[in-house]
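Hi everyone, thanks for coming. Have the picture ready on your screens, and stop me whenever a word is new.

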Amino acid sequence: MFANLPYLAVATLTVIGLSTVLLKRNLVKVTMGLNILTSAVNLLIIVLGYREGGIAPIYTLAPQTYMVLPTPQALCLTSIVIGVATTALLLSFTMVIYRKYGTVNVDEIRELRE
Amino acid sequence: MKRNLTILLLIVFAGILLVLAAGFTYGTPLASDMDDYFIRFGQAQIAANNIVTTIVFDYRGFDTLGESTVLFTAVIGVSLMFRRFFGGEDDADE
Amino acid sequence: MQMSKIVRLSADIMYPFVVIFGLYVIMHGHITPGGGFQGGAVVATGAALVIVAHAFHDVKAMIPKILLYLQESGGLLLFIGAGLAGMLLGFPFFFNWLANSGSLFGMPVPIGPNPGELNTAGFLPLMNIAVGIEVWGGLTLVILYMLSGVGKEGY
């Protein structure tokens with residue numbers, strides 16, 4: 001089981017994040033579930049670029065020259081910044097909705113229906 | 001009814017994902033030609049020690065331009081929501 | 001509703017050290033792990049520390065907002081300008097026109113593991129500084145805007 005523990009962690013985080021987005025009634029909890037889903041995808045991107053026995057791809061005082069792949073780490077940096085932007089905008093939407101309706105329960109904000 | 005169906009589908013999805021995740025082994029990427037080129041020639045062409053920074057700012061600098069624009073747009077979006085309460089904006093017409 | 005005297009004094013003492021550490025992470029982005037985005041987030045955390053320790057009502061009048069607007073826009077313009085400046089010399093867009101050249105940041109690097117040198121790596125330090133300034137101004141503005149919308153009528 002410990003041979004591929006990162007892949008099991010990615011699967012667990014994906015299921016937890018997806019079930020929080022689909023099953024919860026509070027808008028703040030839905031936002032946190034989306035954040036957990038983003039973290040799971042970032043972990044998957046980094047795990048895909050691992051080479052056995054390699055070190056970080058930096059040449060300053062490096063003990064060896066066999067390094068892991070550096071491109072997935074660069075893609076993950078961009079993904080983290082986009083996750084920050086998404087969470088900031090979602091939380092500010094939630095604050096404005098609370099100020100107008102008085103509640104953050106999804107079942108009571110259905111003004112488009114009637 | 002709908003909630004129970006959602007829970008059942010989520011349990012099936014979790015089972016599929018866990019079975020798939022237990023079948024992978026990690027430590028040997030399939031294709032690493034591009035990254036071998038970056039590691040071999042990054043120091044000679046760009047004269048930097050940190051290979052990840054050369055990829056983020058030089059070999060793929062256009063993606064970083066797009067990412068900076070996304071961060072800028074997010075800050076503008078947040079500032080549009082709370083324009084009334086921040087004070088000092090003399091030209092906020094409702 | 002401010003915090004107690006010990007918390008306020010500790011935040012005031014720790015703020016310069018956090019800013020210096022963030023600027024160190026930004027400036028050494030081409031030698032050690034770090035860079036523009038990471039260092040900018042560290043410096044914005046220092047600003048958030050001071051805002052949380054004191055009451056927001058007192059802090060709000062003391063922060064020059066025009067400086068934060070200029071930081072955020074100026075950072076992005078500096079980033080684009082560093083890429084466009086190579087076009088005046090005949091190179092393509094985003095070409096590293098300072099690497100291995102002998103002028104500002106243009107010292108060549110010995111191949112293989114070596115102790116790092118700050119004078120190397122072309123226009124990478126300039127881009128790191130530009131992105132660090134933009135992230136600092138942007139994240140501090142987000143914190144200030146969100147805090148001013150809290151409460152019944154806002155602060």
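A word on the source first. This is a predicted model, where local features need pLDDT of at least 70, side-chain atom pairs count only at pLDDT 80 or more, and totals for chains, interfaces and linings use all residues. Residues are numbered from 1 along each chain as its sequence is written, while chains are lettered from A and ligands numbered from 1 in the order in which they are written.

Let's begin with helix H1 of chain A, residues 5-23. Helices here are DSSP runs of H or I with at least four residues, strands are runs of E with at least two, and both are numbered from the N terminus. The expected span is 1.5 Å times one less than the number of residues.

Which residues of H1(A) are buried? They are Tyr7(A), Val10(A), Ala11(A), Thr14(A) and Gly17(A). These cover an arc of only 140° around the axis, so they sit on the same side of H1(A); the arc is that of the directions from the helix axis to the C-beta atoms. Buried means that 20 or more other C-beta atoms lie within 10 Å of the residue's own, exposed means 12 or fewer, and partly exposed is in between, with C-beta atoms placed from the backbone. The cover over the buried residues of H1(A) includes helix H2 (27-47) of chain A and helix H1 (2-21) of chain B.

Now the contacts. Two residues are in contact if their C-beta atoms, placed from the backbone, lie within 7 Å. Between chains B and A, the contact takes 36 residues from chain B and 38 residues from chain A. On the chain B side, H4(B) gives the most, with eight residues. Chain A also meets chain C, with 10 residues from chain A and 11 residues from chain C.

Most residues other than glycine have a negative phi. Leu61(A), though, has a positive phi near 55°, and Ala121(C) has a positive one near 70°. Leu61(A) lies between H2 and helix H3 (71-101) of chain A, and Ala121(C) between helix H4 (65-84) and helix H5 (124-148) of chain C. Buried or exposed? Leu61(A) is exposed because it has 12 C-beta neighbours inside 10 Å; Ala121(C), with 32, is buried.
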